[in-house]
Amino acid sequence: MEATSHMAFIVAAYAAAGAVVGGLTAWVMLDYRVQLGRLADLEKRGFARRSASAASAPPAERAREKS
Amino acid sequence: MAVIDLANPTRFLQFANRAIPWLGGVTVVVFAFAINQAMVAPDDYQQGATVKIMFLHVPGAWLGMLAWGLMTIAALGTLVWRHPLADVTAKAAAPIGAAFTLMCLVTGSLWGRPMWGTYWVWDARLTSELILFLLYLGVIALWRTVEDPSRAARAVAILTLVGAIDLPIIKFSVDWWNTLHQPASVFRLAAPTIDPSILIPLLIMTAAFTLLFATLLLAAMRNEILRRRVRALRLMQASAVS
Amino acid sequence: MSPLAAILFRDLRIAVRVGGGALIGVLFFLVVVTLTPFALGPDIALLQRIGPAILWLAALLASLLALDRLFAADHQDGSLDLILMGRAPLELVVAAKALAHWLTTGLPLIIAAPLIGLLLNLDGRAEAALVLTFLVGTPALTFIGLIGAAIAVTLRRGGLLLAVLVLPLTVPVLIFGVAAANAAMVGPVPFGTPFTILCALTLASLVVGPFAAAAALRQEME
């Protein structure tokens, strides 16, 4: 049985699967942080969703104040 | 809260924020168990330990096809009902499905080299799986080419529906053509032909990968909803500068 | 930041954005290679023998089809006029754009080539030789294509005409690229002979391309 010489292929296959899974997970997690960061940045500049900015000044006025 | 309430993106976000950590935890636990079972599974009398590659290859194939099936249903949601979450589901599922299809191709290739002496052969099942991978890449390319998300969703929906023809071709290719790839041994009308000592670990691994798929899909859908919010706010910002 | 570096990074950023078109070349490359067994039949021995030729043809077509985005977008939104009126030498600006184009089209092809070579059952030596020929040859494809892209810049549907203009100019690159890859696989001819000629072709194109393209742009945009 050449099971031992096949070990390299088995390891490679599991490594490839790990890379795929790891890559996907990393991408999803990173993208989440990036989007949250962008939303926070926009909120700082006064642009929030209508439901969130109900209590604060209208975005257009805020923008004019800041620029 | 009924399931249909999830159709609202905001409610979906609330659901996702609660569900993702929980689902992720379950995924890790099942994976730990699955990998343990895969390691202690007996060697095949013909293939030796190499059969353990099957525990990666089969889930990859299954999830690659499941993802496209999901995209097909989402495509109908986009075209027929203009469902808000359908676009998001389709876009989120594409890279995940592509990745699992790639995993299937690569592990299959690494399995084929020691077993049948070649990394690749142009038989019906391998070719149709490669075509599925190309279709995924085409869909992803289309998502990235059209700027407006709604228009992109409609174009992608049509491509997805047309590409769905590949799924039955993959499934039945080993029956319709003479191939090097082995014929169906799990999803058959008669009982499965794999010995339970290998079938059980395979099913557990498949379950683990499917849970992983669900977790990643929810997370990607959440990201996509957030991305659309960013885009809407940026458009607002661009028109507010006066 | 120097204007050339600015142009380089701008083109790189645009290429990877939505609608930018980077990596589409690799997808096309993969599709063409996948099509060949459907046309030729799945005979592995045959595919292995003509593998380098198929891969080179596919890479050539992929590079050609991507040439459109060198100047077309800039011409449409007026950036090309601004570039022409700028102080940086047009030849260098055009070379910077070509470099950005190669980084986003040619380099992915080079990285993808070994993996796709597996589909055609190329062995280790053939793959190594192929990657080397791609590494040296794809810049030539980009810089020669630059000329056609500049000539066709004012045409609205110039894509196919552009390919027709550029193809004859790229034939030497194709000949020596395939010859070098095949030499490593079979031939009595040592790999070095066609390979050094390929290097010479590329070096020449790095010079001739930008000058010819700049001249063409000045002509076209008057």
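## Chain A

Of the 67 residues that make up chain A, 19% count as buried. The model described here is predicted. The secondary structure of chain A consists of two helices and zero strands.

## Chain B: overall architecture

Chain B contains seven helices and zero strands, and its order along the sequence reads α-α-α-α-α-α-α. Taken along the principal axes, its C-alpha atoms fill a box of roughly 75 × 35 × 30 Å.

Chain B comprises 242 residues, of which 40% count as buried. Among the contacts in chain B between residues at least 6 apart in sequence, 77% join residues at least 24 apart.

## A helix pair within chain B

Helix α4 of chain B spans residues 124-145, and helix α5 of chain B spans residues 149-163. The axes of these two helices come within 9 Å and cross at roughly 170 degrees. Angles over 145 degrees count as roughly antiparallel, and α4(B) and α5(B) are therefore roughly antiparallel to each other.

On the α4(B) side, the contact is made by L135(B), G138(B), V139(B), L142(B) and W143(B). The residues from α5(B) are A152(B), A155(B), V156(B), L159(B), T160(B) and G163(B). By class, this contact has eight nonpolar, three polar and no charged residues.

## Nonpolar cores

The largest nonpolar core has 81 residues. The residues with the most contacts inside this core are F29(C), L146(C), A150(C) and A180(C). Two or more residues of this core come from each of the following elements of chain C: α1 (3-16), α2 (24-40), α3 (44-66), α6 (90-119), α7 (124-151), α8 (159-185) and α9 (192-220). A second, separate core has 68 residues, and V20(A), A67(B), L135(B) and M221(B) are included in it. L135(B) also takes part in the contact of α4(B) with α5(B).

When residues up to four places away in sequence are not counted, A150(C) touches F71(C), A213(C), A216(C) and L217(C). In soluble globular proteins, nonpolar side chains tend to be buried together.

## The interface of chains A and B

Two pairs of chains are in contact, and chains A and B share the most contacts. Here, 32 residues of chain B are in contact with 28 residues of chain A. On the side of chain B that touches chain A, the elements giving two or more residues are α3 (84-116) and α7 (196-240) of chain B.

Helix α7(B) gives the most to this side of chain B, with 14 residues. By class, the side of chain B that touches chain A has 21 nonpolar, five polar and six charged residues.

## The interface of chains B and C

In the contact between chains C and B, 13 residues of chain C meet 14 residues of chain B. Helices α2 and α6 of chain C each supply at least two residues of the side of chain C that touches chain B. The largest share of that side, six residues, comes from α2(C).

By class, the side of chain C that touches chain B has ten nonpolar, three polar and no charged residues.

## Chains A and C

No contact joins chain A and chain C. The closest C-alpha atoms of these two chains lie 14 Å apart.

How values were computed. Residues are numbered from 1 along each chain as its sequence is written. Chains are lettered from A and ligands numbered from 1 in the order in which they are written. This is a predicted model: local features need pLDDT of at least 70, side-chain atom pairs count only at pLDDT 80 or more; totals for chains, interfaces and linings use all residues. Helices (H or I, at least four residues) and strands (E, at least two) are DSSP runs, numbered from the N terminus. A residue is buried if 20 or more other C-beta atoms lie within 10 Å of its own, exposed if 12 or fewer, and partly exposed in between; C-beta atoms are placed from the backbone. Two residues are in contact if their C-beta atoms, placed from the backbone, lie within 7 Å. A nonpolar core is a set of buried Ala, Val, Leu, Ile, Met, Phe, Trp, Tyr and Cys residues joined through C-beta atoms within 7 Å. Ala, Val, Leu, Ile, Met, Phe, Trp, Tyr, Cys and Pro count as nonpolar, Asp, Glu, Lys and Arg as charged, and the others, Gly among them, as polar. Axes are lines fitted to C-alpha atoms, for helices over the stretch in contact, and angles run from 0 to 180 degrees between N-to-C directions. Angles under 35 degrees count as roughly parallel, over 145 as roughly antiparallel, 65 to 115 as roughly perpendicular and the rest as oblique.
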